[in-house]
Amino acid sequence: HDVVLLFPCGTFAGNLMRALLLMFCQVALLAALGLTVGTIFTFPVAMFTASALVLATLFAQFFVFSSAPERSHAHEHHHHDDVTHVTWTETVGEHLAVGLRFAMAPALRYRINGRLAAGETIPWTEVHDCAGILIFCYSGLLCALGCLMLKRREIALPV
């Protein structure tokens, strides 16, 4: 391990509270996603769509990293006569993964991942940024989309 300078900067309870607020912001975003997808689709489709969006968001960073040019041809031997053909599905998939990663990068930035156990301080500025981005920006956008779709949906059709 590298040399680390430790200094007291608050109590564990305060740091725990800030970590719990970060977790609350993440859960609020998941709740907003669930409500939005629930207003757009019926139950089984909404469950599948929400689960697929969460999984695609979590795996987007892996897909972008694994398809990076410096990683994709690291173990291959190239000859001057070989021409590699990239299919359109690979190109579209790579662009979708990059776009999804770009759209969700601010939401994935606020992770706790053992920071409490390591004794790292979670600053209030990070909590404020997380609340602003996850709750007001992303959840507000999802709320607007859900309200727009709910206004267009017919509640009951006459018999």
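Let's start with a term: a residue is buried when its relative accessible area is under 20%, exposed when it is over 50%, and partly exposed in between (1.4 Å probe, protein chains only). By that rule, 21% of the 159 residues of the protein chain are buried.

A word on the source. This is a predicted model, where local features need pLDDT of at least 70, side-chain atom pairs count only at pLDDT 80 or more, and totals for chains, interfaces and linings use all residues. Residues are numbered from 1 along each chain as its sequence is written, and side-chain values use heavy atoms, with hydrogens and water left out.

Now the fold. The chain has 6 helices and 0 strands. Helices (H or I, at least four residues) and strands (E, at least two) are DSSP runs, numbered from the N terminus.

On to the salt bridges. A salt bridge is a side-chain nitrogen of Lys or Arg within 4 Å of a carboxyl oxygen of Asp or Glu. The structure holds 2. Glu 126 is buried, at 15% relative accessibility. Arg 115 is buried too, with a relative accessible area of 15%.

Arg 115 also meets Glu 120, at 3.8 Å, N to O. Glu 120 is partly exposed, at 41%. Shared partners join Arg 115, Glu 120 and Glu 126 into one network.
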